[in-house]
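Please walk me through this structure.

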Protein chains: 2
Amino acid sequence: MKSLSIKDIAVKANVSITTVSFIINGKAKEKSISEAVIEKVKKIIEESGYKPNQIARSLRTGNSNIIGLIIEDISNSFFSRIARLIEDKAYKRGYKIIYSSTENNIDKAKELINLFKSRKVDAYIISPIKGIEEDVQMLLDDGNPVIFFDRNLPDVKTSYVGADHFNASYQSIQGFIDQGKKNIALVTTDINVAQITERHDGYKKALEDNGITYDDSLVLKIHFNQEENETIEQIKALFEHRKIDAVLFVTNYLAISGLKALKQIDKKIGDDFAIIAYDDHEAFELHTPRISAIQQPLEEIAEAIIKLILNQLSSKGKLPAEELIIPTRLVLRD
Amino acid sequence: MKSLSIKDIAVKANVSITTVSFIINGKAKEKSISEAVIEKVKKIIEESGYKPNQIARSLRTGNSNIIGLIIEDISNSFFSRIARLIEDKAYKRGYKIIYSSTENNIDKAKELINLFKSRKVDAYIISPIKGIEEDVQMLLDDGNPVIFFDRNLPDVKTSYVGADHFNASYQSIQGFIDQGKKNIALVTTDINVAQITERHDGYKKALEDNGITYDDSLVLKIHFNQEENETIEQIKALFEHRKIDAVLFVTNYLAISGLKALKQIDKKIGDDFAIIAYDDHEAFELHTPRISAIQQPLEEIAEAIIKLILNQLSSKGKLPAEELIIPTRLVLRD
DNA sequence: TTGATGCGCTAAAACGTTTTAGGCTAACCA
DNA sequence: TGGTTAGCCTAAAACGTTTTAGCGCATCAA
């Protein structure tokens with residue numbers, strides 16, 4: 001069963017295709033189509049259930065009402081929650097989202113950009129990785145709106161929305177120090193993105209400002225793609241071989257591995273051993289004792305992203321790049 | 001900067017558009033284009049970075065190489081993990097996924113179907129809700145492949161992939177009974193989908209087969225869209241007013257609310273009080289004590305879905321509907 | 001009476017592909 | 001010699017829209 005086209009409607013209504021198109025696109029008044037014709041055509045459209053072919057429309061107009069969302073991994077709760085919020089907000093403004101995960105793989109990221117490009121998405125929301133600078137620059141040169149979030153790429157001049165990773169980290173460490181902690185470890189990853197290095201820098205700076213010398217052996221860098229079991233082993237080794245009274249985990253999944261490690265070596269969290277996780281997680285609230293976490297305000301981030309995108313889409317010329325740094329919230333539990 | 005079109009390539013290579021198209025689509029041999037021309041054109045394409053406009057291509061061919069995925073909520077880990085797996089597998093076969101969440105809202109689900117329809121997606125993967133039967137039937141009548149997963153709609157004849165909810169539930173309850181439990185509660189939701197009623201039925205049947213009379217006051221039905229706090233209150237009320245020695249939670253988020261409730265009333269899980277959650281969750285492994293859960297084999301489900309889709313896409317005629325019921329795994333912890 | 005203006009509508013081009021049908025040349029066969 | 005075949009390539013239609021340019025008519029001002 002072929003679906004209806006605008007032509008079918010035109011024939012049924014005994015008017016031209018043009019007239020139908022004007023009515024569909026709300027330009028009937030402006031083009032002075034008579035009330036009677038408008039009514040008739042609308043009725044026929046209603047009754048027949050005709051829906052314009054978006055592909056033909058995109059081909060003609062050059063835009064798609066689709067926003068491409070490129071993230072690290074949709075199965076990570078931080079991203080899936082952001083995706084959901086962005087989707088909701090975009091939807092209300094008549095935009096759809098296509099998403100895809102890069103898995104921190106440069107080639108896949110590049111492919112995704114090409115794919116979205118050939119689908120003529122109207123705008124790009126990207127949580128970028130190093131190595132795609134050129135591709136993004138090309139998008140910008142072609143006049144496409146691009147918003148980075150969560151992570152920034154310093155060499156590319158485009159708008160960015162992200163949490164204040166540096167200060168979040170700094171304040172957590174300062175908190176530890178205020179509680180009298182002396183041997184503070186950092187569990188981080190080796191992916192080379194600004195957001196992770198900022199968290200690392202906040203840690204360093206807080207120690208420094210408090211006259212504590214930075215000790216590299218208290219910093220554990222986990223390979224991004226390694227098996228969780230290996231991660232757990234490395235964390236166990238750190239905890240067993242070093243005198244540590246506080247730990248900051250730089251992502252929630254590292255914290256979860258850390259909790260598993262603690263369980264295995266039967267080390268308890270308490271007055272003499274504290275931990276904080278970056279990014280909250282359902283498990284933390286439920287854990288005994290409950291785990292403190294740095295919360296990123298997802299709602300605000302999503303809202304800021306959508307606002308920036310819509311501004312860019314509705315303005316003709318290119319807007320200056322904006323950087324929105326959103327403060328985080330440290331949730332201290334138990 | 002306008003992007004290149006096939007015409008630009010044709011002009012540069014001094015051949016016709018048709019020839020370029022044949023080469024791009026790998027039909028050069030078949031259409032007996034000379035090796036020299038093939039080389040020349042390929043080189044020009046390579047050097048210029050030309051990428052075919054997928055929209056024009058879709059308009060002409062009527063297909064998009066896109067599969068639409070309609071789920072309840074991308075921020076629920078069951079769905080986001082399935083989505084990720086499906087995405088991966090589809091990607092390897094040259095298909096892209098567009099997803100969107102229905103939030104169990106019939107109108108939104110219908111809108112999404114229309115949206116995907118007007119984008120001419122090649123196939124639909126849907127975790128359906130009651131009330132969209134007609135819309136899905138129209139898709140099928142138009143010859144579109146549609147696969148249901150997680151939940152089925154008995155009135156619609158199309159392929160389905162899902163876990164064996166009935167038996168999973170039955171076996172969990174049987175396990176409780178074997179441990180000597182007598183007062184077994186069920187915490188479920190009021191959404192009217194097959195998968196939930198099957199879980200409920202498994203519970204009933206297991207009790208019945210063991211000569212335990214079904215007691216409606218031990219079954220708590222939670223409204224789908226209510227605030228979590230209210231859910232927690234209701235669960236607390238159940239636990240405080242009834243003598244209960246085991247509980248099956250019908251979804252992982254209900255189990256999480258249940259755990260929070262237990263914490264608030266300081267009721268401990270142990271020899272005299274056991275719980276099982278349907279669908280695993282990271283928090284369960286970490287909880288003290290660890291929480292038993294029914295695991296759905298996500299990988300297998302995703303694989304089965306993709307296989308069915310690809311079969312349908314590659315066959316001309318309509319294939320008979322298949323039902324794949326995949327066994328679950330009960331993970332008993334602590 | 002004429003020229004301008006407004007109203008209600010439409011023909012046709014354009015967007016960038018794929019694909020059908022067929023053109024032209026040279027070689028081959030009888 | 002003429003007819004067929006094969007090899008290499010192309011013109012043009014079609015997909016379903018949006019949009020520009022403009023047509024025919026009535027009204028109005030001068």
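Predicted model: local features only at pLDDT ≥ 70, side-chain atom pairs only at ≥ 80, totals over all residues.

Residues are numbered from 1 along each chain as its sequence is written, and chains are lettered from A and ligands numbered from 1 in the order in which they are written.

Start where the two chains meet. Chain A gives 39 residues to the contact, and chain B gives 39 residues. Two residues are in contact if their C-beta atoms, placed from the backbone, lie within 7 Å. On the side of chain A that touches chain B, the elements giving two or more residues are α4 (54-61), α5 (77-92), β2 (96-101), α6 (106-118), α11 (252-265) and α12 (282-286) of chain A. Helices (H or I, at least four residues) and strands (E, at least two) are DSSP runs, numbered from the N terminus. The largest share of this side, six residues, is from α5(A). Its residues divide into 14 nonpolar, twelve polar and 13 charged. Here Ala, Val, Leu, Ile, Met, Phe, Trp, Tyr, Cys and Pro count as nonpolar, Asp, Glu, Lys and Arg as charged, and the others, Gly among them, as polar.

Next comes a helix of chain A. The buried residues of α13(A) include A:Ile301, A:Ile305, A:Leu308 and A:Gln312. Buried means that 20 or more other C-beta atoms lie within 10 Å of the residue's own, all placed from the backbone. Among the elements covering them are α5, β1 (66-71) and β11 (323-326) of chain A.

Now turn to chain B. Six of its strands form an open sheet with mixed pairing, in the order β7-β6-β8-β9-β10-β12. Strands pair if DSSP finds at least two bridges between them. β7 (219-222) and β12 (329-331) of chain B stand at the edges with a single partner strand each, so one side of each has no neighbour in the sheet. Within the sheet of chain B, β8 (residues 246-249) and β9 (residues 274-278) run parallel, joined by four bridges. B:Leu248 has B:Ile276 in β9(B) as its bridge partner.

Last, the DNA. DNA strand C is surrounded by 28 residues, and the closest are A:Ser16, A:Ser34, B:Ile6, B:Asn53 and B:Ala56. A residue is near the strand if its C-beta atom, placed from the backbone, lies within 6 Å of it. This surface divides into twelve nonpolar, eleven polar and five charged residues.

Terms used. Buried ≥ 20, exposed ≤ 12 C-beta atoms within 10 Å, placed from the backbone.
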